[in-house]
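Here are my notes on this one, written as numbered points. Have a look at the model first, then read on.

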Amino acid sequence: MLPERPTMEEMEEYFNKDEYATAVTGCKIVEGWKGHGVAEMEITHSHRNAQGNVMGGAIFTLADFALAIASNIAEHPTVNVTSTIDYFSITKGTKLIATADLTKAGNRVAFYDVVVEDDLGVRIAKVSIVGYRRIPKEQR
C-alpha cells in the first residue's frame, strides 16, 4: 500500500503497471495523495475518432486513471464499479488533464468526482464514480 503522500517515483512504480493507461493510451501522473489524483494525456492522432475529435473512450480512460491514483493511495485496492460520464465539449487543445477527488468515503464504498479539462482550460467532461474497496478477509 502506498503512503498518504507518496513520492512521484513511488506512484510511477506502482501505477505504471497499468500498461493500458500508461503505455497504450499515454496517461501520465501529475500528482496524487490520499483522495486526490491528477493525470494528463497528450492528445495524439490515435486518440481521435472518425470525426477528428478525441474519442470518448480515451477521455474516460484518463478519468479512470486519475481515479486509480486518488483511490489507491493509502487505501485498500479500490476498483471502479459504476460510473456516469457527461461530455460537455470537444477539445481544441493538445492535452487533457483529469482531476479526481474523493467526495464521500465509506468502509467499502467511496464516491469520487473527476473533472476533465484541456490545456486551454475548457471543461471537457465530468465523471461521477462509485469505487469499491477490496478489504482482505483477515482485516474485516
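1. A definition before the strands come up: two strands count as paired if DSSP finds at least two bridges between them. Keep in mind that this is a predicted model. With that in place, S4 and S5 pair in the antiparallel sense, over nine bridges. Which residue is the bridge partner of alanine 105 in S5? That is alanine 110. A hairpin of three residues takes the chain from S4 to S5.

2. On to charges. How many salt bridges does a search of the whole structure find? Four. One of them joins the side chains of glutamate 40 and lysine 95, at 3.4 Å from N to O. Glutamate 40 sits in strand S2 (residues 36-42) and lysine 95 in strand S4 (residues 95-105), so this pair links distant parts of the chain, 55 residues apart. Lysine 95 has a relative accessible area of 21%, and is partly exposed.

3. Next, glutamate 75 and arginine 133, whose closest N and O atoms are 3.6 Å apart in a salt bridge. Glutamate 75 lies in the loop between helix H3 (56-71) and strand S3 (78-87), while arginine 133 belongs to strand S6 (residues 123-133), so the contact ties together parts that are 58 residues apart in sequence. Are these two buried or exposed? Both are buried. They also belong to a network of salt bridges that links Lys34, Glu75 and Arg133.

4. Aspartate 113 and lysine 126 make another salt bridge, with 3.7 Å between the closest N and O atoms. Aspartate 113 is in strand S5 (residues 109-118) and lysine 126 is in strand S6, so the pair ties together parts 13 residues apart in sequence. Aspartate 113 counts as partly exposed because its relative accessibility is 26%. Lysine 126 is partly exposed as well, with a relative accessible area of 24%.

5. Last, the surface. Glu9, Glu10, Glu12 and Glu13 form a negative patch there. Glutamate 10 is found in helix H1 (residues 8-15). Why can glutamate 10 be called partly exposed? Its relative accessible area is 31%, and partly exposed covers the range between the buried cut-off, under 20%, and the exposed one, over 50%.

Conventions: Residues are numbered from 1 along each chain as its sequence is written. This is a predicted model: local features need pLDDT of at least 70, side-chain atom pairs count only at pLDDT 80 or more; totals for chains, interfaces and linings use all residues. Side-chain values use heavy atoms; hydrogens and water are left out. Patches are made of residues with over 30% relative accessible area and no salt bridge: like charges are joined within 9 Å, nonpolar side chains (Val, Leu, Ile, Met, Phe, Trp, Tyr) within 5 Å. Accessible areas come from the Shrake-Rupley method with a 1.4 Å probe; for residues, only the protein chains shown count as cover. Lys and Arg count as positive and Asp and Glu as negative; His and the chain ends are not counted. The place of a charge is taken as NZ of Lys, CZ of Arg, CG of Asp or CD of Glu. Helices (H or I, at least four residues) and strands (E, at least two) are DSSP runs, numbered from the N terminus. Buried means under 20% relative accessible area, exposed over 50%, partly exposed in between (1.4 Å probe, protein chains only).
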